[in-house]
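Visitor: Could you take me through a close look at one part of this model, and then show me how that part sits within the whole?

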Amino acid sequence: MYASIVFLPLFGAIIAGILSLGNRDRAAELVTVTGLLLSLLFSIIAFAKVAIGGQPIIIDIARWIVSGDFEAMWRLRFDTLTAVMLIVVTGVSSMVHIYSIGYMSHDNARARFMAYLSLFTFAMLMLVTADNLVQLFFGWEGVGVASYLLIGFWYKKESAHTAAMKAFVVNRVGDFGFALGILAVYQIFGSVQFDDIFANAAAMRYTEIGFLGQAMPALEVAGILLFIGAMGKSAQLGLHTWLPDAMEGPTPVSALIHAATMVTAGVFMVCRLSPMLEYAPLSLDIITVVGALTAIFAATVGFTQFDIKRVIAYSTCSQLGYMFFAAGVSAYPAAMFHLTTHAFFKALLFLGAGSVIHAMSDEQDLRNMGGIWRKIPVTYVMMWVGSLALAGFPFFAGFYSKDMILEAAFAAHTPVGNMAFWLGCLAAFLTAFYSWRLLIMAFHGKPRASEEVMSHIHESPLVMTVPLFVLAVGAIFSGWLGYELFVGHDMAAFWGDSIFILPEHHAMEHAHHVPTWVKLLPVGLATSGVVIAVLCYAVWTGVPAAMARTFSPIHKFFFNKWYFDELYDILFVRPAVRFGAFLWQRGDRDVIDGFGPDGMSAMVVRVSAFAARLQSGFVFHYAFAMLIGVVVLVTWYYLRFGGL
Amino acid sequence: MIENWPLLTIITFLPMIGVLFLLMIRGDEASVTRNARHVALWVSGFTFIISLALVFGFDSTSSGYQFEENRAWLPAVGISYHLGVDGISMPFILLSTLLSPLAILASWKAITHRVREYMIAFLVLETMMIGMFASLDMLMFYLFFEGVLIPMFLIIGVWGGGRRVYAAFKFFLYTLLGSVLMLVCMLAMYLDAGTTDIPALTAHSFAAGVQTWLFIGFLASFAVKVPMWPVHTWLPDAHVEAPTAGSMILAGVLLKMGGYGFIRFSLPMFPLASEMFAPLIFALSIIAIVYTSLVALAQSDMKKLIAYSSVAHMGFVTIGIFTLTEQGVAGAMFQMISHGLVSAALFFCVGVVYDRLHTRDISAYGGVAAVMPRYAVFFMFMMLASVGLPGTSGFVGEMLVLVGAWKASSWVAFFTATGLVLGATYMLWLYRRVMFGTIESADVGAMERISRREVLIFAPLTVLVLWFGIYPASLLDVMANSILAVLDNAASGGAMVIAGR
């Protein structure tokens, strides 16, 4: 049963892939949805047994890469951390599968789409059940490819396949770090198996290894390298540029991959490696700082964007930052808690946005929306639920998990923890602000779309609204339900051995005993964010434009996403292409060939007329001559030595 | 009894029987052409089936040579007809016997003139390749090693593209220099050890100073074959001018001759020199990976791009070999087999669209995915295997090479790993420009879907690339003991020379 959780989506993907060749769309939808629902059912059972029942289990599948003492096995690991991810992945994925039936109903490659979705789910499940770093890498790259295929699903669109390639390549930069991290771990522990790493991490605390000619603390080297991988996949500052562009993919893809599951893989990895990272304080500090900076950076960009999906994408980026700085202050349970609640409300927001886009005849620009809330009331309500949960209003999911993170950051009482706390609070304000900016711009005010579009606006069919409803239930109740389990007083029993926190890292315990103002501040900031957004966009509608004019440089800086794309283009992309052309023309052709074969031939031609015949085309004559030469030589030796 | 059959001799020379048949075909042009194709396909297919006996009869617990045949040839000078395979050469023989029928199938429609002669060249080529990997006598090795070039020259020079003469000539110049030096070294080795028997030479320990010179001589020849930077410039030209099937064999098998030579000769016979020159090899290989990857980015010709990518992939191989670690050498071996399958498939991918549009210019395409969906799947899969996606064979080799490289030095691993990023960039860019986007030209829109024959070529390669990616143990286990033996030999051989000094 455990193995079938992982492999049912794979079978679904294969069958749907075959069906797609015959355009059997309906059958493909049926097969993949059934596979996912079964997988979800088994995941719930597994969660009950493994997480609630406290019975982790490891399943051997086969030998994989074995060479000398390097061993990476196909093996599935089910512990509490995995079980939580199983629920998140199969839960959101099955809802997205169902939603896609409606959303993609006008597309003529639905079977292919469903196959990709299931393939992605399989890779994600391999990632979360991995028992060693190499298998984790398998899932890691697997979700990357699925993401590439899905972003570029509408491959005829220039912007889509450009974004797909960008996502893959930027992720590869992260994977560069990940791969080196695996090698460092292998050198330190002589194994890539999680159990071996965790058992010996304490003993390696003060060990040093040589890295790039320097002696460095071993666990820090491994920790930082692996975190670079996490930065790529989870779109953290510096390697985040692919995520907003990834919105070129169909919206269900954005909900599943670029909000709920794949982008959280980095957070999952950091939590998975907690037994090792706990002994790498510098790595943890770096994780905290990068997380905090991402949280605020993405929020500042988010409130200037006009594409409805990009606003939510930057929001995702920002929320992932929260998860990272939680992990960085050793509050892994809080990170996982926010990961779980975020999966529900962010998937809800994306699917809701998809429903809006669907209703507006594929319009994504907020400036062309407005005044539609009466026409699509279900979607409208769902977006409210998602926004309330995201902004962290009391008793919605985000309230429990985000406040827990901020409290833990405060309770860490470290410089980086304080920094994360204050940046996190500021980001919380911005989050509420851009969420209500989006709600008001999309649904309220005067309609800004054309008559034509407005006349076609319709509520989405049941196959799309039911998944929204399920996710909304999660967005409302998952925080309230999960609080005791994930971060309550008995959390140690729940997480078991899957998360390890050093006794001296006490952010988690102290988080429950922070001053009252710390508990109230995020809610207060969120409320003021909403109020200001309402004032700016519903009451004094001239204010945003006036503000943008007054603070033009800052606005431009935020609106242009801090100019990361332009910077990278100047620093890496163009020089690489130009340098490549230079090496080819000057290096290969002029220098190597010039002095090598071409130069030699020119010389030979000059020196003797005979050599000119080399170019007669009968080059093989010379090869024959060479062979004959060998035979002559052998014969000579035979006569010379053998004959005597 | 079947055990007593000279299996390796049969496999090696079976294609020559096909050549005899081809020479005997009589009749009008059309029937000769038709018969020549069928004879070549059947003979090479039959050779492949027989070569499977090597796999099933192979004892992977042993590190020694198996299926050995040893007959006196020139007894007076100690030269014998000695054949045998171990875990290092056996996979290459299978690679050769597999790719040969596929290459012949790939030329089914593309080659229309002098088909009989073309098929003869291919069958001779197959014999030469198998013979080279099966030889356990240095002289025989040399004969096959150089002999491979003759049919390849012909294939490029007669059935190649517009600048075929230049390409063949360039290859000839490069090879000539290397081969002469290698031959001189072989003579020196014979004079020193008194034998041309490879196992005996492996056991012989050459003096440290001698090793250096011998190593350089062999390096000159193998580096051209690999090819290593900066003696790689023949490869893009050769590939561009060669017919599709020629490129498949050239990239699939011929590029592995250098790597095989390093493992068979340089490592066990000149262990001290190997260690001494390892940093040089690392430097050249790293340059190869970064340099040729960047050059690949600048290409507008599909075949040139893949040719340059081959140089980068071979950089991984040479790094792996000279880490002198178990994982490094195993990774290099794995990478060679994997690259043999993947690059052959990629060159065939180019051939498929070339047959339809008669251009290799990337900008002439765009949007092909819409008209050739099945082809898009195969091409995508091979493209991902080429960038080393886990779950394909490409990943296993790269990963193990990186493990070995890290053991040698984290610097080496660091620069080698840049290949992961660069490789993804140029391959994805190629795929994007050819396959994605809207259809710009009417010719592209009119391209036919792939035929059953073309699927028949893709299918076995796809299955193997996937199989070796998911269950690489099936290949790693075969190689493991032989690789250990090579490394043990290198270690003890090196120690003996030092002790004797």
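**A close look at A:R75 and its surroundings**

Guide: In this predicted model, the side chains of A:R75 and A:D60 are joined by a polar contact of 2.6 Å. A:R75 itself is placed in strand β2 of chain A, which covers residues 70-78. Leaving aside residues up to four places away in sequence, A:R75 touches A:D60 together with A:I58, A:I59 and A:I61, and also A:T129, A:A130, A:D131, A:Q135 and A:Q193.

One of these neighbours, A:T129, leads on to another part of the chain. Helix α4 of chain A spans residues 110-129, and A:R110 lies in it, while A:E29 lies in helix α2, residues 25-52. A:R110 and A:E29 form a salt bridge in which the closest N and O atoms are 3.0 Å apart; because the two residues belong to these two helices, the pair ties together parts that are 81 residues apart in sequence. Over all chains, the structure holds 25 salt bridges.

Stepping back to the whole of chain A, we find 29 helices and 4 strands. Its radius of gyration is 29 Å, close to the 26 Å that the globule rule gives for 644 residues, so chain A is as compact as a globular protein of that length. The C-alpha trace of chain A spans about 105 × 65 × 55 Å along its principal axes.

Two of the strands of chain A, β3 (residues 208-211) and β4 (residues 214-217), pair in the antiparallel sense over 4 bridges, and A:F211 has A:Q214 in β4 as its bridge partner. These strands form a hairpin with 2 residues between them, and in that turn A:L212 has a positive phi of about 50°. Another residue with a positive phi, in this case about 55°, is A:S361, although A:S361 is not a glycine; A:S361 lies in the loop between α15 (332-359) and α16 (377-391) of chain A. For comparison, most residues other than glycine have a negative phi, and most peptide bonds are trans.

That remark about peptide bonds brings us to chain B, where the bond from B:V226 to B:P227 is cis, with omega near -15°, and the bond from B:W229 to B:P230 is cis as well, with omega near 5°. B:P227 is found in the loop between α9 (208-225) and α10 (234-241) of chain B, and B:P230 is placed in the loop between α9 and α10 too. Chain B as a whole has 22 helices and 2 strands. Its radius of gyration of 22 Å is close to the 23 Å that the globule rule gives for 501 residues, so chain B is as compact as a globular protein of that length.

Finally, we can look at where the chains meet. The contact takes 82 residues from chain B and 72 residues from chain A, and between them the chains bury about 7000 Å², with 78% of this on carbon and sulfur atoms. On the side of chain B, the residues that lose the most area to chain A are B:F169, B:W406 and B:R432, which together make up 10% of what that side buries. The count between the chains is 3 salt bridges, and B:K407 forms a salt bridge with A:D69, with the closest N and O atoms 3.9 Å apart. Helix α19 of chain B, residues 410-435, gives the most to the side that touches chain A, with 15 residues. By class, that side of chain B has 62 nonpolar, 12 polar and 8 charged residues.

Note on methods:
Residues are numbered from 1 along each chain as its sequence is written. Chains are lettered from A and ligands numbered from 1 in the order in which they are written. This is a predicted model: local features need pLDDT of at least 70, side-chain atom pairs count only at pLDDT 80 or more; totals for chains, interfaces and linings use all residues. Side-chain values use heavy atoms; hydrogens and water are left out. Two strands pair if DSSP finds at least two bridges between them. Contact means heavy atoms within 4.5 Å. Buried area is the accessible area (1.4 Å probe) that two parts lose on being put together, summed over both. A salt bridge is a side-chain nitrogen of Lys or Arg within 4 Å of a carboxyl oxygen of Asp or Glu. Ala, Val, Leu, Ile, Met, Phe, Trp, Tyr, Cys and Pro count as nonpolar, Asp, Glu, Lys and Arg as charged, and the others, Gly among them, as polar. The radius of gyration is taken over C-alpha atoms; the globule rule is 2.2 Å times the number of residues to the power 0.38. A polar contact is a pair of N or O atoms within 3.5 Å; within protein, one must be able to donate a hydrogen and the other to accept it, and residues adjacent in sequence count only if both atoms are side-chain atoms.
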